[in-house]
Amino acid sequence: MAERSRGARRLLPVPVPLLLVLLLLLLMAGSTASPADEGGGGRREAGGGEPGDEAAPHDSSYGTFASEFYDLRYLSEEGYPFPTAPPVDPFAKIRVDDCGKTKGCFRYGKPGCNAETCDYFLSYRRIGADVEFELSADTDGWVAVGFSSDKKMGGDDVMACVHDDNGRVRIQHFYNVGQWAKEIQRNPARDEEGVFENNRVTCRFKRPVYVPREETIVDLHLSWYYLFAWGPAIQGSITRHDIDSPPVSERVVSIYKYEDIFMPSAAYQTFSSPFCLLLIVALTFYLLMGTP
């Protein structure tokens, strides 16, 4: 009986709740790691490298990167948080060496003048389906060229470069109604640029050779008389031209023929006329030979 009792005690099963408690304690003990193992394992998992690899602390590397990025990307030399605007290309000066070769030119003023010294200067050249014009005049207001079927003002297509009160030079389109220039909203000009420097208005623009049939815009593939004019402006609006009789081309102009034409201004026309030169020679001869 005693042996049967001892065997019975050995065969009694362990209570299920106790087993669960033991298993839970074992699992908790296995998942706990030492501080050294945890630090090393964490670095290897985060870096994804070999056990011998070491990475710099995350906070320090991020601070260095952020500081360098901010300094290089956002701070200018003056320390402002915004970059400065890129420089703007200056107005390219008008070349007169090409006159009569790759473009046609008209000069009005002193003999030997150029685009920066003539009273009035104009050049034209074909670029594909466009004609590029360059205008310059000794004025603080406006400079223009008109395309006319005769040498008189009236019924003319006019392109003008106007210096406004804000310092800008705008290209405007006009139509001459008698002696009055009416601004036309339909403007064929493109690639416009202009500048006001040294009391001169200078501009450059293109307009198409061929245009739809329009009374106020002429086809430049046809030949026209060119009217040259310049004068003052009031609050960006053109006023009467500087001289009573602005110069006009002696003959019709073809954009397919490049010439370099000079027209002396009124101050030089008097002394360059044949009669005046003959008079000067005769007077000089009289003074030298007629005196005892």
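Author: Let us begin with pairing: two strands pair if DSSP finds at least two bridges between them. Please keep in mind throughout that this is a predicted model.

Reader: Which residue in strand 10 is the bridge partner of V143?

Author: The bridge partner of V143 in strand 10 is W230, and strand 4 and strand 10 pair over seven bridges in the antiparallel sense.

Reader: In what order do the strands of the open sheet stand?

Author: Five strands form this open sheet, in the order 7-6-5-4-10, with antiparallel pairing. Strand 7 (180–183) and strand 10 are at the edges, and because each has a single partner strand, one side of each is left without a neighbour in the sheet. On average, with direction ignored, neighbouring strands of this sheet are turned by 30° against each other.

Reader: Which residues touch the most other members of the largest nonpolar core?

Author: This core has 30 residues, and those touching the most other members are Y120, L122, F133, L135, F147, F205 and Y226. Among the elements that give two or more residues to the core are strand 4 (142–148) and strand 10 (225–231), while strand 3 gives the most, with four residues. Leaving out residues up to four places away in sequence, F205 touches several residues, including F133, L135, M159 and I171.

Reader: Is S265 buried or exposed?

Author: Buried means under 20% relative accessible area, so S265, at 5% relative accessibility, counts as buried. S265 lies in the loop between strand 13 (260–264) and helix 5 (266–272), and beyond its neighbours within four places in sequence, S265 is in contact with Y108, G109 and D119.

Conventions. Residues numbered from 1 in each chain as written. Predicted model: local features only at pLDDT ≥ 70, side-chain atom pairs only at ≥ 80, totals over all residues. Heavy atoms only, no water. Core = buried A, V, L, I, M, F, W, Y, C linked by side-chain atoms within 4.5 Å. Buried < 20%, exposed > 50% of the residue type's maximum accessible area, 1.4 Å probe, protein only. Contact = heavy atoms within 4.5 Å. Axes fitted to C-alpha atoms, helices over the stretch in contact; angles between N-to-C directions.
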